[in-house]
Amino acid sequence: MNTKTLAAFCAGILLASCSTTKTSGNDLATSLPIETSINLTKIENDKAPVTIDPGRFTEQTVTYHLPKVVPGTYSVSNFGKYIDSFKAFDYKGNEMPVIKTDVNTWTIKNAKQLDKITYLVNDTFDIEEEGGIGKEEPFSPSGTNIEPSNYVLNLHGFIGYFDVLKNNQYKLEVTSPVGFEHTSSLSEVSSKTSEDGSSVTTSYFATRYFDITDNPMMYGDLDVEEFQVGDIKIVLSVYSPNKVHTAVSLKETIFKMMQAQKTFLGAINSTPRYDIYLYLSEGKENSPKGFGALEHHTSTVVVLPESMDEEALAESMVDVVSHEFFHIVTPLSVHSEDVHYFDYNNPTFSKHLWMYEGVTEYFANLFQVNQNLIDENEFYNKIMEKIQHSKTLNDAMSFTIMSENVLKEPYKSQYLNVYQKGALIGMCIDILMREESNGNRGILSLMKELSNKYGKNKPFEDDKLIDEISSMTYPSVHHFLMAHVVGDIPINYNEFFNKVGLEIGETKVETNYILMNGAPIVSGDGQKGTIFFTDMVLQNSFWADNGAQPNDVIKSINGTDLTMLNANQVLQEVFMWKPGKDVEVKLDRNGKEVVIKTKTTPTYTMGEGIVEKADATPAQKSLRDAWLKG
């Protein structure tokens, strides 16, 4: 997943219609598709009605679940808590008793008489607190939205499963108002307009419940662009409530990015279609707050702020969507039994988040320098930021133990390190493999070999992966994995940089307008409800050159008053500033108003950075070139 989220960077600043056809006698319900429907023309108090027709059961008691956890996320979502008015009906239309055994589970006795169940689904977007980060609620890109002009249908929030029928086929009908755009990578079977011409019912087919959860949809006032990148059809669906951004404006960025990714991956990519669903949040109280993306086999759902300027949004889409697309390598092609046989309500987790999320995040950075989307120094800065961020987390924790226990503390709070140290683990293995093979093999080679051996339909055994990788690579890789992934020994990154003629040293480094060396340059006073600059502001060339001082209270940024309630959102926007942006910041300095009205310039600080060694040997330079450009 990318539960990778921009919010994480600022977290430290503040604290269907049912068929009447039934089987009878001894026929099994498992021989029938489960018929489901979602009616978007019958929204009741911001809730969507759902009908589930499972066919005739032969069991006396059945249980129906909504997911507690969904694939690609590593936290509890409890989609059952968004369900209201859950009812079961027999074949005579009489309501049957239902026992709710926990937040996600309903049990129905005398199930041989069960005809259908109905319920209402409330969406998650408008009741989020912090987008699910650190809370038992969905991360925004895994959530749902129900509003007159837009419906984000992450189907795991609408459709559940019967315990005995998880592997059944599903038929899904979605009824929507005429005129609504809709996109989905789920197989579309048919579409028909109602007799009065007011609605359209689209029918879809899924081979099993996993395909329901793996194929999100978006309906409503969408802006859609379709285009080819080689043999892949890309469908980009954008919802911008205030029409600030369009699919057309993002098309060239996505095209260049995915073309570069295909070139980088080579033959490993085989999906014929890839959907990108972008929901842009208004930043209102009932808007989603957990920015980032969630991967699926052939699609990704992205949530980002609508207030981002075009350049910042394009850069975020490259960083975020490229990560999700690289998930076609792992865990979608290379994954363990925990992933393949995922239990939505009693999940077990693989030990190898370092690979699923870490290597994926590493690829999302490496391909940019490999394909000349960024230069070497930009890549080094990205890597240095990951080193700095990783040091703010527990650097002496076994990654395999953390991964296997990611839902509980003290491991849960370390999850974000999969995008920091996890990516660095991928980098170190890459450099080791390049060194051992005279530049000919790297971690992408390894992932291709694992993908060829397994693929999306054949999982590996979790406990055997380290030994398998060791046998496919070199003793040095085995030693590294045992010491720094299975073990808890912190990594000496200079040891690996030295192999490629680099080192970490004090230097002038380009930095950010709100974060430096991984730390925010502002803090908050909860009692006064204010946000102010810390002493670090003097080390930031942009703010220092424009006269900002420690303890200056930030009153407003570009006309928006800064409060404890909106600070995450506003400061995330500052995080995305680029040089050349007109800005106006009003400060309170001991009761006197100070206004900074200027155009942003590149901003620097003195700090640790990755620099090229003056005495690097030809062999080190050659290995560096193989690492970055091979």
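Predicted model: local features only at pLDDT ≥ 70, side-chain atom pairs only at ≥ 80, totals over all residues.
1. Packing of H6 and H7. Helix H6 spans residues 353-370 and helix H7 spans residues 376-391; the two pack at an angle of about 160 degrees, with their axes 9 Å apart. Because angles over 145 degrees count as roughly antiparallel, H6 is described as roughly antiparallel to H7. The crossing of H6 past H7 is left-handed.

2. Residues at the H6 and H7 contact. On the H6 side, the contact is made by Glu-361, Tyr-362, Asn-365, Leu-366, Gln-368 and Val-369, and H7 contributes Glu-376, Phe-379, Lys-382 and Lys-386. Sorted by class, this contact has 4 nonpolar, 2 polar and 4 charged residues.

3. Asp-395. This residue is located in the loop between H7 and helix H8 (399-404). Asp-395 has a relative accessible area of 12% and is therefore classed as buried, the cut-off being under 20%. The side chain of Asp-395 forms a polar contact of 3.2 Å with the side chain of Lys-391. Once neighbours within four places in sequence are set aside, Asp-395 is in contact with Lys-421, Asp-488 and Pro-490.

4. Ser-249. Helix H3 (residues 247-265) contains Ser-249. With a relative accessible area of 27%, Ser-249 is partly exposed. A polar atom of the Ser-249 side chain lies 2.7 Å from the backbone oxygen of Thr-246. Ser-249 and Ala-314 are separated by 65 residues in sequence, while their C-alpha atoms are 8.9 Å apart in space.

Key
Residues numbered from 1 in each chain as written. Heavy atoms only, no water. Axes fitted to C-alpha atoms, helices over the stretch in contact; angles between N-to-C directions. Helix = DSSP H or I, 4+ residues; strand = E, 2+ residues; numbered from the N terminus. Parallel < 35°, antiparallel > 145°, perpendicular 65-115°, else oblique. Left-handed = near helix turned anticlockwise from the far one by under 90°. Contact = heavy atoms within 4.5 Å. Nonpolar A, V, L, I, M, F, W, Y, C, P; charged D, E, K, R; others polar. Buried < 20%, exposed > 50% of the residue type's maximum accessible area, 1.4 Å probe, protein only. Polar contact = N/O pair within 3.5 Å; in protein donor to acceptor, adjacent residues only side chain to side chain.
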